[in-house]
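Then take me to the core, the aromatic rings and the surface.

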Amino acid sequence: AGLLAGAVFGFSLYVVVHLPYPLGSVYVLIPWLLLAADELVRRPGARSALAMAVLVAFSLVAGHPESTLHAVGIAVVYAVFRAFSSPDARRLAPRAGAWLVGAGLAGATLAGIVVVPFVELLAHSADYVNRQGIETKLPRDWLIALALPEYFGTPTDATGGTVQLGNAGLFIA
């Protein structure tokens with residue numbers, strides 16, 4: 001079952017289509033991150049934390065920070081689930097949590113060659129500068145458009161509705 005699941009994931013359309021892009025390099029690490037998280041919860045210690053740290057570093061070095069956030073976030077949620085799903089793991093949860101945080105920090109340290117420039121450039125990004133002082137209150141129509149995506153029209157609609165949800169996110173006309 002494990003080999004079949006691995007083959008299906010490895011050759012899934014999402015992974016194969018994104019092979020030329022950095023996010024594909026991050027998403028293929030998700031099964032390994034989940035395995036390392038499981039091992040860290042079952043046997044908290046230096047060996048399992050080292051495996052998690054190396055995988056976090058690989059994920060960061062792959063070059064797509066958004067996907068790294070998703071992949072590592074999935075692993076953390078899975079670790080929390082595993083920590084509170086079995087009686088033995090509950091006893092080890094605080095220790096496993098400490099090792100998990102340490103593994104994340106160690107992974108970020110190992111990948112420091114990409115993390116430090118990313119943090120530096122993030123503070124100088126146009127997105128960050130352009131959003132300073134802007135009120136982020138969304139109109140009531142946004143909630144309606146979230147529940148009923150085509151209520152105000154579609155992006156290709158000639159009427160050009162006021163609020164539209166597209167693949168790239170929310171468009172407010």
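Arginine 42 and glutamate 39 sit 3 residues apart in helix H4, so about one helical turn separates them. Helices here are DSSP runs (H or I, at least four residues), numbered from the N terminus. The model is predicted: local features need pLDDT of at least 70, side-chain atom pairs count only at pLDDT 80 or more, and totals for chains, interfaces and linings use all residues. Residues are numbered from 1 along each chain as its sequence is written, and side-chain values use heavy atoms, with hydrogens and water left out.

Arginine 42 and glutamate 39 form a salt bridge, with the closest N and O atoms 3.0 Å apart. The term means a side-chain nitrogen of Lys or Arg within 4 Å of a carboxyl oxygen of Asp or Glu. Salt bridges with shared partners join Asp38, Glu39, Arg42, Arg43 and Arg82 into one network. Arginine 42 also meets aspartate 38, at 3.1 Å from N to O. Arginine 82 bridges to aspartate 38 too, with the closest N and O atoms 2.5 Å apart. That pair links distant parts of the chain: arginine 82 is in helix H6 and aspartate 38 in helix H4, 44 residues apart.

How covered are these side chains? Buried means under 20% relative accessible area, exposed over 50%, and partly exposed in between (1.4 Å probe, protein chains only). Both arginine 82 and aspartate 38 are buried. Arginine 42 has 39% relative accessibility, so it counts as partly exposed.

Now the core. The largest nonpolar core has 22 residues, and Leu33 and Met52 have the most contacts inside it. Such a core is a set of buried Ala, Val, Leu, Ile, Met, Phe, Trp, Tyr and Cys residues joined through side-chain atoms within 4.5 Å. H4 gives the most to this core, with 6 residues.

Next, the rings. The whole structure holds 1 aromatic pair. Tyrosine 14 and tyrosine 27 have ring centres 5.6 Å apart and planes at 55 degrees, so the pair is tilted. Rings of Phe, Tyr and Trp (its six-membered ring) pair if their centres lie within 6.5 Å; planes under 30 degrees apart count as stacked, over 60 as edge-to-face and the rest as tilted. Tyrosine 14 is partly exposed at 43% relative accessibility, whereas tyrosine 27 is buried at 15%.

Last, the surface. Leucine 19 lies in the loop between helix H2 (13–17) and helix H3 (22–27). Its relative accessibility is 57%, so leucine 19 counts as exposed.

Technical notes. Helices (H or I, at least four residues) and strands (E, at least two) are DSSP runs, numbered from the N terminus.
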